[in-house]
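Hi,

Here is the model I said I would pass on.

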Amino acid sequence: MLSCAKMIGIRSPFIYFIDPVRAEIVMEFIEGKNAKEMMTHDLAYRIGRYAGLLHSNNIIHGDLTTSNFIVGKKLVLLDFGLAFHSVRNEDKAVDVKLIKTILKSAYSSV
Ligand SMILES: Nc1ncnc2c1ncn2[C@@H]1O[C@H](COP(=O)(O)OP(=O)(O)OP(=O)(O)O)[C@@H](O)[C@H]1O
Ligand SMILES: [Mg+2]
(Lines give C-alpha, C1' and ligand atoms only; values in the text may rest on other atoms or scores of the structure.)
(Ligands and ions follow the chains in the order given, each with its own letter.)
Protein backbone atom coordinates (compact mmCIF):
# COMPACT_ATOMS: atom_id res chain seq x y z
CA MET A 1 0.00 0.00 0.00
CA LEU A 2 2.97 2.25 0.69
CA SER A 3 4.19 1.66 -2.85
CA CYS A 4 0.73 2.31 -4.30
CA ALA A 5 0.62 5.64 -2.47
CA LYS A 6 4.09 6.50 -3.74
CA MET A 7 3.04 5.78 -7.32
CA ILE A 8 0.31 8.42 -7.17
CA GLY A 9 2.66 11.08 -5.76
CA ILE A 10 2.22 10.70 -2.00
CA ARG A 11 5.62 10.99 -0.31
CA SER A 12 6.04 8.04 2.05
CA PRO A 13 9.08 6.18 3.47
CA PHE A 14 11.15 3.98 1.15
CA ILE A 15 11.14 0.33 2.17
CA TYR A 16 14.66 -1.13 2.38
CA PHE A 17 14.01 -4.63 3.66
CA ILE A 18 11.15 -6.90 4.70
CA ASP A 19 11.68 -9.96 6.89
CA PRO A 20 8.44 -12.00 6.93
CA VAL A 21 9.88 -14.55 9.36
CA ARG A 22 10.69 -11.97 12.03
CA ALA A 23 7.80 -9.73 10.93
CA GLU A 24 10.13 -6.77 10.44
CA ILE A 25 10.09 -3.90 7.97
CA VAL A 26 13.21 -1.75 7.62
CA MET A 27 12.40 1.63 6.11
CA GLU A 28 13.78 5.08 5.51
CA PHE A 29 13.90 7.32 8.58
CA ILE A 30 12.11 10.57 7.81
CA GLU A 31 13.67 13.65 9.40
CA GLY A 32 11.22 16.32 10.45
CA LYS A 33 8.50 17.18 12.89
CA ASN A 34 5.25 15.38 13.44
CA ALA A 35 2.28 17.30 12.00
CA LYS A 36 0.66 16.87 15.41
CA GLU A 37 3.15 19.31 16.92
CA MET A 38 2.95 22.06 14.33
CA MET A 39 -0.54 22.38 12.87
CA THR A 40 -1.24 25.40 10.68
CA HIS A 41 -3.92 26.26 8.13
CA ASP A 42 -1.48 25.50 5.32
CA LEU A 43 -0.58 22.12 6.77
CA ALA A 44 -4.26 21.18 7.24
CA TYR A 45 -4.80 22.10 3.58
CA ARG A 46 -1.87 19.92 2.46
CA ILE A 47 -3.19 17.01 4.55
CA GLY A 48 -6.55 17.44 2.83
CA ARG A 49 -4.86 17.42 -0.58
CA TYR A 50 -3.16 14.13 0.31
CA ALA A 51 -6.49 12.64 1.44
CA GLY A 52 -8.09 13.75 -1.84
CA LEU A 53 -5.27 12.23 -3.86
CA LEU A 54 -5.47 8.91 -2.00
CA HIS A 55 -9.24 8.72 -2.30
CA SER A 56 -9.40 9.68 -5.95
CA ASN A 57 -7.14 6.66 -6.50
CA ASN A 58 -9.35 4.45 -4.29
CA ILE A 59 -6.75 4.10 -1.53
CA ILE A 60 -8.09 4.22 2.02
CA HIS A 61 -5.42 5.01 4.61
CA GLY A 62 -7.37 3.60 7.55
CA ASP A 63 -5.65 5.70 10.24
CA LEU A 64 -5.59 9.23 8.88
CA THR A 65 -4.39 11.09 11.98
CA THR A 66 -2.06 14.07 12.37
CA SER A 67 0.53 11.85 14.12
CA ASN A 68 0.90 9.85 10.89
CA PHE A 69 2.26 12.84 8.96
CA ILE A 70 5.83 14.12 9.19
CA VAL A 71 6.64 17.58 7.92
CA GLY A 72 10.11 17.42 6.41
CA LYS A 73 11.25 18.80 3.08
CA LYS A 74 7.88 17.49 1.87
CA LEU A 75 4.81 16.26 3.69
CA VAL A 76 5.32 12.54 4.37
CA LEU A 77 2.54 10.07 5.14
CA LEU A 78 3.32 7.08 7.40
CA ASP A 79 1.63 4.07 8.92
CA PHE A 80 -0.13 2.17 6.13
CA GLY A 81 -0.79 -0.82 8.42
CA LEU A 82 -4.56 -0.40 8.11
CA ALA A 83 -4.65 0.78 4.48
CA PHE A 84 -6.71 -0.92 1.79
CA HIS A 85 -8.22 -0.41 -1.67
CA SER A 86 -11.87 0.55 -1.93
CA VAL A 87 -14.16 2.45 -4.30
CA ARG A 88 -16.80 2.91 -1.59
CA ASN A 89 -17.53 6.49 -0.56
CA GLU A 90 -18.37 5.16 2.91
CA ASP A 91 -14.77 3.92 3.38
CA LYS A 92 -13.37 7.25 2.18
CA ALA A 93 -15.75 9.06 4.51
CA VAL A 94 -14.38 7.14 7.53
CA ASP A 95 -10.87 8.49 6.73
CA VAL A 96 -12.23 12.03 6.36
CA LYS A 97 -14.35 11.79 9.50
CA LEU A 98 -11.32 10.76 11.59
CA ILE A 99 -8.99 13.53 10.44
CA LYS A 100 -11.83 16.06 10.67
CA THR A 101 -12.61 15.07 14.26
CA ILE A 102 -8.91 15.38 15.23
CA LEU A 103 -8.48 18.76 13.53
CA LYS A 104 -11.66 20.06 15.15
CA SER A 105 -10.93 18.81 18.65
CA ALA A 106 -7.18 19.43 18.91
CA TYR A 107 -6.73 22.55 16.80
CA SER A 108 -10.02 24.43 16.97
CA SER A 109 -8.15 27.60 18.00
CA VAL A 110 -5.67 27.51 15.06
N1 LIG B 1 9.79 6.11 8.64
C2 LIG B 1 9.72 6.86 9.74
N3 LIG B 1 10.57 7.89 9.90
C4 LIG B 1 10.50 8.65 11.02
N5 LIG B 1 9.62 8.46 12.02
C6 LIG B 1 8.75 7.47 11.90
C7 LIG B 1 8.75 6.60 10.78
N8 LIG B 1 7.78 5.67 10.94
C9 LIG B 1 7.21 5.95 12.12
N10 LIG B 1 7.77 7.03 12.70
C11 LIG B 1 7.41 7.64 14.00
O12 LIG B 1 6.89 6.64 14.86
C13 LIG B 1 5.52 6.91 15.17
C14 LIG B 1 4.71 5.62 15.22
O15 LIG B 1 4.81 4.96 13.95
P16 LIG B 1 3.51 4.40 13.22
O17 LIG B 1 2.54 5.51 13.05
O18 LIG B 1 3.97 3.72 11.99
O19 LIG B 1 2.99 3.30 14.20
P20 LIG B 1 1.85 3.34 15.32
O21 LIG B 1 0.76 4.25 14.91
O22 LIG B 1 2.45 3.58 16.65
O23 LIG B 1 1.49 1.87 15.34
P24 LIG B 1 0.33 1.08 14.69
O25 LIG B 1 -0.45 2.00 13.81
O26 LIG B 1 1.05 0.01 13.94
O27 LIG B 1 -0.43 0.60 15.86
C28 LIG B 1 5.04 7.90 14.10
O29 LIG B 1 3.98 8.72 14.56
C30 LIG B 1 6.31 8.69 13.81
O31 LIG B 1 6.47 9.71 14.76
MG1 LIG C 1 0.62 5.86 13.60
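This is a predicted model: local features need pLDDT of at least 70, side-chain atom pairs count only at pLDDT 80 or more; totals for chains, interfaces and linings use all residues.

I ran a search for aromatic pairs over the whole structure, and one turned up. It is made by these two residues: the ring centres of Y50 and F69 are 6.4 Å apart and the planes meet at 45 degrees, so the pair counts as tilted. Pairs with planes under 30 degrees apart would be stacked, and those over 60 edge-to-face. Y50 belongs to helix α2 (residues 41-56) and F69 to strand β5 (residues 69-71), so the pair ties together parts that are 19 residues apart in sequence.

There is one more ring to look at, that of F14: K6 lies over its face, at 4.6 Å from the ring centre.

Now the ligand. Which residues are around ligand 1? The list runs P13, M27, E28, F29, I30, N34, S67, N68, I70, L78 and D79. By type, that shell splits into six nonpolar, three polar and two charged residues.

- I30 uses a backbone N or O atom, which lies 2.8 Å from a nitrogen atom of ligand 1.
- N34 has a side-chain N or O atom 3.2 Å from an oxygen atom of ligand 1.
- D79 places a polar side-chain atom 2.8 Å from an oxygen atom of ligand 1.

As for cover, ligand 1 on its own has 610 Å² of accessible area, and the protein covers 49% of that.

D79 sits in the loop between β6 (75-77) and β7, and with a relative accessible area of 39% it is partly exposed.

Where else does a positive phi show up in a residue other than glycine? At N58, where phi is near 60 degrees. N58 is in the loop between α2 and β4 (59-60), and it is partly exposed as well, at 26% relative accessible area.

Last, F84, which is part of strand β7 (residues 84-85). F84 is partly exposed, with a relative accessible area of 35%. The C-alpha atoms of F84 and I60 are 5.3 Å apart, although 24 residues separate the two along the chain.

Cheers

How values were computed:
Residues are numbered from 1 along each chain as its sequence is written. Chains are lettered from A and ligands numbered from 1 in the order in which they are written. Side-chain values use heavy atoms; hydrogens and water are left out. A residue is near a molecule or strand if one of its heavy atoms lies within 4 Å of it. A polar contact is a pair of N or O atoms within 3.5 Å; within protein, one must be able to donate a hydrogen and the other to accept it, and residues adjacent in sequence count only if both atoms are side-chain atoms. Accessible areas come from the Shrake-Rupley method with a 1.4 Å probe; for residues, only the protein chains shown count as cover. Ala, Val, Leu, Ile, Met, Phe, Trp, Tyr, Cys and Pro count as nonpolar, Asp, Glu, Lys and Arg as charged, and the others, Gly among them, as polar. Rings of Phe, Tyr and Trp (its six-membered ring) pair if their centres lie within 6.5 Å; planes under 30 degrees apart count as stacked, over 60 as edge-to-face and the rest as tilted. Helices (H or I, at least four residues) and strands (E, at least two) are DSSP runs, numbered from the N terminus. A charge sits over a ring if NZ of Lys or CZ of Arg is within 6 Å of the ring centre and within 35 degrees of the ring normal. Buried means under 20% relative accessible area, exposed over 50%, partly exposed in between (1.4 Å probe, protein chains only).
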